[in-house]
Amino acid sequence: MSSNHPDGHPFYRFCRTALADIRTQGRYRQFTPLAREADRYPVYEQEKAPATPATPACDHDREVVVWSSNDYLGMGVEPVVMDAAITAIREHGAGAGGTRNIAGTSPFHTALERELADLHGKEAGLLFVSGYVSNQASLQTILTSMPGWICFSDRLNHASMIAGIKGARGSTTVIYEHNDLEDLEAKLAAAPPDAPKLIAFESVYSMDGDISDIAGTCALARKYNAMTYLDEVHAVGLYGAQGGGISERDGVADQVDVIEGTLSKGFGVHGGYITASSEVVEYLRLAASGFIFTTALPPAVVAAALTSVRQVRKDAWRREKMFERVNAFRARLRKAGIPFTMTPSHIVPIPVGDAQRCRDLSDRLLNEYGLYATPINYPTVPRGTERLRLTPGPFHTDEMMDQMVTALSKLMRINAPVDVAQKIAEP
Ligand code: PMP
């Protein structure tokens, strides 16, 4: 420990105690460095099967198959996407060189903002350095713009939305039960009719894999004159005819005021964004601290993201391939009697229900089978609902799926709590 305080500042003692507690609770998080080998991924040409055996293999002293990636479609290792980044670095350098307003805007930035606005059928788009920042900065800025805002926030909203909502001093927050429109309506009805209102919610909830009723939420928003702010982070690229998310799939994008997304998951690169009407986007561009006072995304990252978005919009087969793989994996789990939560999305949670057991299961998958599946524990999910969160994708072959199913059935019989073990034993 290095400190200017020979007897130790109380914060150092606090950290030591807090870390010891986290360890005791089985929640200590360790990094698992994974060197993704981009040149080993198969190149998909339309629906054709890859010529080489598919592998999302990574190097962790040996080969590891990753089952927890958020690069859902593998766009981060798509050659055209990587080439776009390499070309842009050669032509424009490694960094942006400034904030968006001070020398940091490249033609890629403005082109990507137009592309994203078009994807969601909105007038304008605005890039942020990450999805987290796009939520935090946009919500905080909107909710401090006028006096008296009331934000109706789904109980399971992501930490980045909560950060923006909590950071909006002077506004009021009303939390409604997760995906519960009756509760939302009761709370909207109880609020002062003239207060400016915003409903903040997600489309695909990433940990449970459930999907919200966007049309129903927007109908309530109209009835009570509320704006809607929708996080489509786990849906963009994956749902809708062009990957515009659940709002595109359900034909309701025009009913949502602000659609927020990320470039780091379905699009496989990096960065966050919002799309909305031009006055909302212009206001955030001129007022959001998290947009103004930070260096712009590097041009190469933006060039890669632009290429990825264009490609993903065109290639419906990528989405189809992913869902075919998700269904194939679920069928195998079902056949093997491995408990999993059936979700209406691409996310496959395997419930474990205990932090230490979840950690052990994940460690043994990695160490004994070379399978990487992150344990999800508190504070990401409530205590007692710890789980493995698996995200099958286009690169998971039948063989890899068999390997995961075999490993899980062996390990879960040992690790699972009694009720889960009994479930496994059932045919
Ligand atoms: N919203 C949700 C629902 C998320 O799950 C995440 C990240 N996991 C974010 C926003 C933040 O996105 P990014 O990773 O691009 O910062």
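Modeller: Let's start with Arg359, which sits in helix α13, residues 355–369. Helices (H or I, at least four residues) and strands (E, at least two) are DSSP runs, numbered from the N terminus. This is a predicted model: local features need pLDDT of at least 70, side-chain atom pairs count only at pLDDT 80 or more, and totals for chains, interfaces and linings use all residues. Residues are numbered from 1 along each chain as its sequence is written, and side-chain values use heavy atoms, with hydrogens and water left out.

Colleague: Is Arg359 buried or exposed?

Modeller: Buried, because its relative accessible area is 14%. Buried means under 20%, exposed over 50%, partly exposed in between (1.4 Å probe, protein chains only).

Colleague: What does Arg359 touch, beyond four places in sequence?

Modeller: Gly26, Tyr28, Gln30 and Pro375. Contact means heavy atoms within 4.5 Å.

Colleague: New topic. Where is Asn70?

Modeller: In the loop between β3 (63–66) and α2 (79–92). Asn70 counts as partly exposed, because its relative accessibility is 22%.

Colleague: And which residues does Asn70 contact, leaving aside neighbours within four places?

Modeller: His234, Ser264, Lys265, Gly266 and Arg389.

Colleague: How far apart are the C-alpha atoms of Asn70 and Thr391?

Modeller: 7.4 Å, although the two are 321 residues apart along the chain.
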